[in-house]
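Here is a quick tour of a predicted model. Have a look at it first, then read on.

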Amino acid sequence: MSAQSLTTKDLSVFYGEKQAVKKVSMDFPEREVVALIGPSGCGKSTFLRSLNRMNDLISGARIEGEIWIGDQNICDPGTDVVSLRQKIGMVWQKPNPFHKSIYENIAFGPRYHGIRNRKQLDEIVETSLRKTALWDEVKDRLNQSGLALSGGQQQRLCIARSLAVQPNILLMDEPASALDPVSTAKIEELIAELKKDYTIVIVTHNMQQAARVSDRTAFFFLGDLVEYDDTQKMFTNPSKKSTDDYISGRFG
Ligand SMILES: Nc1ncnc2c1ncn2[C@@H]1O[C@H](COP(=O)(O)OP(=O)(O)OP(=O)(O)O)[C@@H](O)[C@H]1O
């Protein structure tokens, strides 16, 4: 099993008594993009956050079931969540660069994980910024604050920051919903490029975006995984009526 393979088995997530995700079993093919869609409150973000144990940070949240990355069940209590989150990066809806320079935003993670050599850090910064097509835009102002960039550039900086610690899997929670159409198109192009190297899971409310960027699509409703199939099939000939209703805008 490769470190890029991701599988959930009967994964449930609870907030106190409330069950937000109900026994979801999914396989995420390596180096493909899977889109999670569904109406507000159906558990997409909760499910996504559980994949790198971010829900641990929410008091009262609890997981049941299994999440396999390669041959490791990351729900096991002995799991090192710091190294887990290194291997499974997360990009949030709103760009959230650190209050640091562009350079330091990228170098922070590798330094935290023990890399001190300046030349090595320089290389990581350049490579990460090139992967997100940001290098040419910022190479002459690496010491400027990351917050001085445009919203779209900030989001690409945050993606570059995730890549700097060499993850295998990227989780993205509505990564373009706060961005203008041009920046959104750049993020979508970037996702298409990144899937050559990474397994990507993206939550989106934008049906066109799901259709454009993903290989497979999962439709969630009230915490259940209703349907999971090739994106083309989901958008042209879904098996379930509720999927069809949602995709064609009849509810949600
Ligand atoms: N921190 C929390 N504490 C308690 N309940 C929560 C918490 N976060 C989410 N929930 C509840 O869990 C359910 C699923 O929420 P979640 O945010 O995962 O849905 P979603 O499909 O991602 O919604 P949206 O598309 O609006 O982001 C909702 O009923 C929500 O109210």
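## Around the ligand

Helix α1 (residues 44-50) supplies the largest share of the shell around the ligand, at three residues. The residues surrounding the ligand are Y15, A20, G38, S40, G41, C42, G43, K44, S45, T46 and I58.

Now turn to β3, residues 33-37. Five of its five residues are buried, so the strand is largely enclosed by the rest of the structure. In a regular strand, side chains alternate between the two faces of the sheet. Here V33, A35 and I37 point one way from β3, while V34 and L36 point the other way, and all are buried.

What does β3 pair with? Strand β8 (residues 199-203) runs parallel to β3 and is joined to it by four bridges; within β8, I202 is the bridge partner of A35. Strand β9 (residues 216-221) is also parallel to β3, again with four bridges, and there V34 has R216 as its bridge partner.

## The nonpolar core

Nonpolar side chains tend to be buried together in soluble globular proteins. In this model the largest nonpolar core has 61 residues, and L36, I200, V201 and I202 are the ones with the most contacts inside it.

Take V201 from that group. Leaving out residues up to four places away in sequence, V201 touches F28, V34, L36, L48, L51 and L171. Two of those names, V34 and L36, have come up already: they point the same way from β3.

Technical notes: Residues are numbered from 1 along each chain as its sequence is written. This is a predicted model: local features need pLDDT of at least 70, side-chain atom pairs count only at pLDDT 80 or more; totals for chains, interfaces and linings use all residues. A residue is buried if 20 or more other C-beta atoms lie within 10 Å of its own, exposed if 12 or fewer, and partly exposed in between; C-beta atoms are placed from the backbone. Helices (H or I, at least four residues) and strands (E, at least two) are DSSP runs, numbered from the N terminus. Two strands pair if DSSP finds at least two bridges between them. A residue is near a molecule or strand if its C-beta atom, placed from the backbone, lies within 6 Å of it. A nonpolar core is a set of buried Ala, Val, Leu, Ile, Met, Phe, Trp, Tyr and Cys residues joined through C-beta atoms within 7 Å. Two residues are in contact if their C-beta atoms, placed from the backbone, lie within 7 Å.
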